[in-house]
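Morning, everyone. Please have the sequence and the model open side by side. I'll keep this short.

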Amino acid sequence: MALPNGPVPPAGQESAAAAYSDRIMLVATNTGTFGTIMQARLEMDMSGSGHPSIIVLLGRRDEPGLALCARRLVEAASAAGCTRPLLLCLGLQDHSLPVIRTVIQAFLDHPVW
C-alpha cells in the first residue's frame, strides 16, 4: 500500500504490512531502508489494564515521533483484539508530527491484525 499523498513526499514512499504467527511486521519508508526498527507490545498489569511497551531494536532511540507512532499502532491493534507484538520498521527522512500522523493513518486504514 502506498502512503497517502500529504506531508510525506510522493517520490519513493512505500509501506508494507505482514501478519506472521508470532508478530505483525509494519514497514513505512521514503528512504528505501528499514530505518529505525522497534518492537511494540501491550503489557498487561495485575489489574488487567495494559500499557504500551516500546523497545528500539536498531536505530534512533531519541526520536519521540517514532515512539508515538509505535504506541498508537499497538493500541489500535490491541483494541481490535490482536495480542501479537508489532515489529515496526520506520525509514522516514522527516519525523515531524504530520508525517507520523500520515503513517499511522495509512496503517489504520489497512489493518492486518
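Patches first, so let me set the terms. A patch is built from residues with over 30% relative accessible area and no salt bridge, with like charges joined within 9 Å and nonpolar side chains (Val, Leu, Ile, Met, Phe, Trp, Tyr) within 5 Å. A salt bridge here is a side-chain nitrogen of Lys or Arg within 4 Å of a carboxyl oxygen of Asp or Glu. Accessible areas come from Shrake-Rupley with a 1.4 Å probe; for residues, only the protein chains shown count as cover.

Some ground rules. This is a predicted model: local features need pLDDT of at least 70, side-chain atom pairs count only at pLDDT 80 or more, and totals for chains, interfaces and linings use all residues. Residues are numbered from 1 along each chain as its sequence is written, and side-chain values use heavy atoms, with hydrogens and water left out.

Now the patch. Ile-55, Leu-57 and Leu-58 make a nonpolar surface patch of about 270 Å². Leu-58 belongs to strand β4, residues 50-58. Strands are DSSP runs of E, at least two residues, numbered from the N terminus. Buried or exposed, what is Leu-58? Exposed, because its relative accessibility is 52%. The cut-offs: buried is under 20% relative accessible area, exposed is over 50%, partly exposed is in between (1.4 Å probe, protein chains only).

Next, β2. Strand β1 (residues 14-19) pairs with β2 (residues 24-29), antiparallel, over six bridges. Pairing requires at least two DSSP bridges between two strands. The link from β1 to β2 is a hairpin of four residues. Ala-18 sits opposite Met-25, and Glu-14 has Thr-29 as its bridge partner.

On to β5, residues 86-91. β2 and β5 run parallel, joined by six bridges. Thr-29 stands opposite Gly-91 there.

How covered is β2? Six of its six residues are buried. In a regular strand, side chains alternate between the two sheet faces. Ile-24, Leu-26 and Ala-28 are buried on one side; Met-25, Val-27 and Thr-29 are buried on the other.

Last, cysteines. Cys-82 counts as buried because its relative accessibility is 11%. Cys-89 is buried too, at 2%. How many disulfides (cysteine sulfur pairs within 2.5 Å) does the search find? Zero, across the whole structure.

Terms used: Disulfide = S-S within 2.5 Å.
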